Amino acid sequence: MAEFRLPAHSRPVKGVTHAAPPGARALRTLRIYRFDPDGGGNPRLDTFQLDASSCGPMVLDALILIKAMVDSSLTFRRSCREGICGSCAMNINGVNCLACTTATRDLAAEIRIYPLPHLPVVKDLVPDLTNFYAQYASVKPWLQTRTPVSADRERLQSKEEQERIDRPAACILCACCSTACPSYWWNSERFLGPAALLAAYRWIIDSRDEATGERLDELEDPFRLYRCHTIMNCTDVCPKDLNPARAIAEIKKMLLERHS
Ligand code: SF4
Ligand code: SF4
Ligand code: FES
């Protein structure tokens with residue numbers, strides 16, 4: 001029978017409270033999900049009271065301050081701090097987003113931070129993306145050609161052909177979309193999810209690619225593609241303003257046209 005509540009050992013319990021430093025001028029409270037696989041026990045929600053005037057404006061700045069000044073064991077991914085690498089994706093006040101492009105001033109006084117939902121947790125805010133990356137690799141996200149070109153020539157595209165792939169190619173693989181998709185939550189082993197399907201679409205419509213038929217064959221499957229029920233969460237949360245839901249709809253249309 002389906003279980004609709006978290007198993008007892010996965011429910012977060014009340015954790016430690018770290019009070020604000022004396023004289024704090026801009027008090028913010030962050031409740032942060034903590035899980036240590038080596039420590040055993042339930043995950044917990046730790047409370048950190050910060051002086052927001054002592055760090056930069058983004059949620060990632062607050063996390064970096066906590067790690068540097070309060071609790072060095074707090075674990076999260078980040079790299080670019082500019083919304084480019086996709087590594088700081090997490091769930092902030094119930095919304096999947098990038099911590100480095102989410103301003104604390106735009107959030108309620110209390111900020112709740114969890115890892116991306118419905119993935120195994122490696123530690124604290126770090127989810128296990130093994131399946132997500134394997135699904136991305138499964139769509140063969142590289143140019144496939146059969147027509148040889150001489151070594152001194154490039155495979156050229158017109159401006160219009162490049163513009164078709166410009167937006168889908170801007171995906172940073174942050175996983176905000178797939179982990180916001182209810183269909184992906186329940187079928188993540190078999191449904192490819194919006195990020196991998198957007199990548200598939202990017203190569204299907206690439207004018208230089210010569211494996212379009214095989215790519216569509218691979219997707220024609222009740223689970224890999226058709227578990228998308230056009231709920232649109234994916235497009236709503238994408239921090240790069242991409243539209244995976246429309247890409248999925250376009251793939252479905254191409255498959256339909258193949259059969260008509
Ligand atoms: S549109 Fe499809 S992929 Fe996007 S959230 Fe909805 S079901 Fe998931
Ligand atoms: S489509 Fe958007 S939300 Fe999804 S992985 Fe790419 S950048 Fe992230
Ligand atoms: S740190 Fe690279 S996207 Fe946030």
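**From an exposed aspartate to the pockets and cavities**

Let's start at Asp241, which counts as exposed because its relative accessibility is 65%; here exposed means over 50% relative accessible area, buried means under 20%, and partly exposed lies in between, with a 1.4 Å probe and protein chains only. This is a predicted model, in which local features need pLDDT of at least 70 and side-chain atom pairs count only at pLDDT 80 or more, while totals for chains, interfaces and linings use all residues. Residues are numbered from 1 along each chain as its sequence is written, chains are lettered from A and ligands numbered from 1 in the order in which they are written, and side-chain values use heavy atoms, with hydrogens and water left out.

Asp241 is placed in the loop between helix 7 (233–237) and helix 8 (244–259). Helices (H or I, at least four residues) and strands (E, at least two) are DSSP runs, numbered from the N terminus. The backbone of Asp241 is worth a look too: its phi is positive, about 55°, although the residue is not a glycine. Most residues other than glycine have a negative phi. Leu173 also has a positive phi of about 55° without being a glycine, and it is found in the loop between helix 3 (159–166) and helix 4 (182–187).

Ala249 counts as partly exposed because its relative accessible area is 41%.

On a 1 Å grid over the protein atoms alone, a cavity is a set of points where a 1.4 Å probe fits but cannot get out, and a pocket is an open set with protein on both sides within 12 Å along at least five of seven lines; lining residues have an atom within 4 Å of a point. Grid points are joined across faces, edges and corners, and a volume is the space filled by probe spheres set on the points.

The structure holds 2 cavities of 30 Å³ or more. The largest cavity has about 110 Å³ of space, and 14 residues line it, with Cys181, Cys228, Ile231, Met232 and Cys234 closest to its centre. Helix 4, helix 7 and helix 8 each give at least two residues to this lining. By class, the lining of the largest cavity has 10 nonpolar, 4 polar and no charged residues, where Ala, Val, Leu, Ile, Met, Phe, Trp, Tyr, Cys and Pro count as nonpolar, Asp, Glu, Lys and Arg as charged, and the others, Gly among them, as polar.

The second largest cavity, at about 80 Å³, brings Leu173 back: nearest its centre, among 13 lining residues, are Cys171, Leu173, Cys174, Cys177 and Cys238. Ligand 2 sits in this second largest cavity, in the sense that more than half of its atoms lie within 2 Å of the grid points. Around ligand 2 there are 13 residues, the closest being Cys171, Cys174, Ala175, Cys177 and Cys238; a residue is near if one of its heavy atoms lies within 4 Å. The shell around ligand 2 divides into 12 nonpolar, no polar and 1 charged residues.

The largest pocket has about 700 Å³ and is lined by 24 residues, with Leu6, Ser10, Pro117, His118 and Leu119 nearest its centre. Strand 6 and helix 4 are the elements that give two or more residues to that lining, which consists of 16 nonpolar, 5 polar and 3 charged residues.

Strand 6 (110–114) leads on to helix 1, whose buried residues pack against strand 2 (27–34), strand 3 (44–51), strand 4 (89–92) and strand 6; contact means heavy atoms within 4.5 Å. Those buried residues of helix 1 (59–69) are Val59, Leu60, Asp61, Ala62, Leu63, Leu65 and Ile66.

A last stop is Arg202 in helix 5 (193–204). Arg202 counts as buried because its relative accessibility is 12%. Leaving out residues up to four places away in sequence, Arg202 touches Ile165, Pro168, Ala169 and Arg208.
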